[in-house]
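Reader: Please take a close look at a single part of this chain. Start with one residue, then lead me from there into the rest.

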Amino acid sequence: MIMKRHIHFLGIAGSGASAAAAIAQAQGFEISGCDNSVKNEFTQVFTDDQLMSGHDPEHLKGVDTLAITPAVLSLDPDNAELRQAQGKGLEVITWQQFMGKYLEADKQVIAICGTHGKSTTTAMTAKLLEENNFDPTVELGAIVSEWNANYRIGQSEWFITEADEFNNNFLVTHPDYTIVTNIQMDHPEFFADFEEYQASFIKFLSQTKKLIIANMSDSGVGEVIKKVMKQSEVTVMDYSKSDFNLKLKIPGEYNVSNASAVFQLGLALGITPDNIKQSLESYAGLGRRQELLGEVNGAEVYTDFGHHPTEICQTVTGFHQSFADKKLILVWQPHMFSRTKALFADFVTTLKELPIKVGYVLDIYPSREVDTGLVSSRELVEAVNDDKIIYQSDINQLTEQLKSEIN
């Protein structure tokens, strides 16, 4: 029995930290948290007296554990709260470490990992188990419309987590079941190269206790699984050749692949094929994952969080297949300078080949980085050298351009 403690989340407004905090609160922990901008769609479950703006050592009164977002370690290592907590001898861990140590303890854990498709596959898995009386607790990095939250509180032993490889965050989890969708180089701000990136997945997957459900048609996954099987006796199931004849509501062959992985998991858990098929074919999507925002002058406007070249290509291609008689207009903001630089050539190729009428590229979103002049969106557009790909730094001008495009 783990003694309940007062946990203060530094960076509570983040998509992952907020979910962990909400689950911890439901499990009986006392919760508080702070962030630079503390109120958003992820923190609605918390009261005003639990949320604190900015960062101040005074926030630590009565706190037993400081759970931090990993970005603090790289962007703000001299953070006053962090230094105060370390000086007082408080337990200081990332929110992922907190989740692995406290929230996943004594649970049957299902982890969803991979470079792309984690959130969607996690949501599909959660829906399947929820509808088949498993009553899982769920943590993921996007809003599920049916829950109006990025988490679900269950009363059973089942715990579903979106396992993120950045910062080796997923190594805190020792899952019973793991789905791995694909493995392609990402997070160059943390991983030196693809070999190091794969090594992280090898270590994580080797921690799986019962079953790995893997997309062996993905070369990155295939290479990793071969090494995992040399050092672990875990069972591996290849879902890449399975055809369940699924007719999904959401577009894209990659989503059919994601659903096939969940189908195999459902079978492994003893859920009937008819129930699995019904659940997957009624899945309607996630917030910021091919999410319909509305309509302007007859044009449907969607948003998607995809920021890797493969994700952009698959998402746009999926829309092209679903709306073959429509012209597609892309507005894209690159995510992080290090990713844009490391995958520069792949972005150039992808933008050249997209089946779109026109694409507008905004300035790079820095996320947890600062702009050191490493790369720019203007450079990227110049390298594409295609009239349909346009650099635009002025949102007001972009608005006028979009109005003219859809009139």
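Author: Begin with Asp-106, which is exposed at a relative accessible area of 78%. Here exposed means over 50% relative accessible area, buried means under 20%, and partly exposed lies in between, with a 1.4 Å probe and only protein chains counted. The model is predicted, so local features need pLDDT of at least 70 and side-chain atom pairs count only at pLDDT 80 or more, while totals for chains, interfaces and linings use all residues. Residues are numbered from 1 along each chain as its sequence is written, and side-chain values use heavy atoms, with hydrogens and water left out.

Where does Asp-106 sit? It lies in the loop between α4 (95-103) and β6 (108-113). Helices (H or I, at least four residues) and strands (E, at least two) are DSSP runs, numbered from the N terminus. Asp-106 also has a positive phi of about 65 degrees, although it is not a glycine. Most residues other than glycine have a negative phi. Asn-297 also has a positive phi, near 50 degrees, and is not a glycine. Asn-297 belongs to the loop between β13 (291-296) and β14 (299-303). Asn-297 is exposed as well, with a relative accessible area of 57%.

The buried ones are Trp-95, Gln-96, Phe-98, Met-99, Gly-100, Tyr-102 and Leu-103. What covers them? The cover includes β1 (6-10), α1, β4 (65-68), β5 (91-94), β7 (137-144) and β9 (158-162).

Phe-98 and Leu-103 lead us to the largest nonpolar core, which has 61 residues. A nonpolar core is a set of buried Ala, Val, Leu, Ile, Met, Phe, Trp, Tyr and Cys residues joined through side-chain atoms within 4.5 Å. Phe-9, Ile-31, Phe-98, Leu-103, Ile-110 and Leu-280 touch the most other members. Helix α1 (residues 15-26) gives the most to this core, with seven residues. There is also a second, separate core of 21 residues, which includes Ile-183, Tyr-197, Phe-204 and Ile-225. In soluble globular proteins, nonpolar side chains tend to be buried together.

Follow Leu-280 next. Contact means heavy atoms within 4.5 Å. Setting aside neighbours within four places in sequence, Leu-280 is in contact with Met-124, Leu-246, Leu-248, Ala-259, Val-262 and Phe-263. Thr-121 sits in helix α5 (residues 118-131). Thr-121 is buried, at 0% relative accessibility.

Thr-120 is in helix α5 too. Thr-120 is buried, with a relative accessible area of 11%. Beyond four places in sequence, Thr-120 contacts Ile-250, Asn-255, Asn-258, Tyr-283, Leu-286 and Arg-289. Compare a distance: Thr-120 and Ser-232 are 112 residues apart in sequence and 28 Å apart in space, C-alpha to C-alpha.

Ser-145 gives another pair. It is in the loop between β7 and β8 (149-152). Ser-145 is exposed, at 55% relative accessibility. Ser-145 and Ala-284 are 139 residues apart in sequence and 9.0 Å apart in space, C-alpha to C-alpha.

Not counting residues up to four places away in sequence, Phe-191 touches Glu-165, Phe-166, Asn-168, Met-185, Asp-186, Glu-196, Tyr-197 and Ser-200. Tyr-197 is one of the members of the second core.

Finally, the whole chain. It has 14 helices and 17 strands. Of its 407 residues, 54% count as buried. Among contacts with a separation of 6 or more, 69% join residues 24 or more positions apart. The C-alpha trace spans about 60 × 50 × 40 Å along its principal axes. A compact globule of 407 residues would have a radius of gyration near 22 Å, and the chain agrees, at 22 Å. That radius is taken over C-alpha atoms, and the globule rule is 2.2 Å times the number of residues to the power 0.38.
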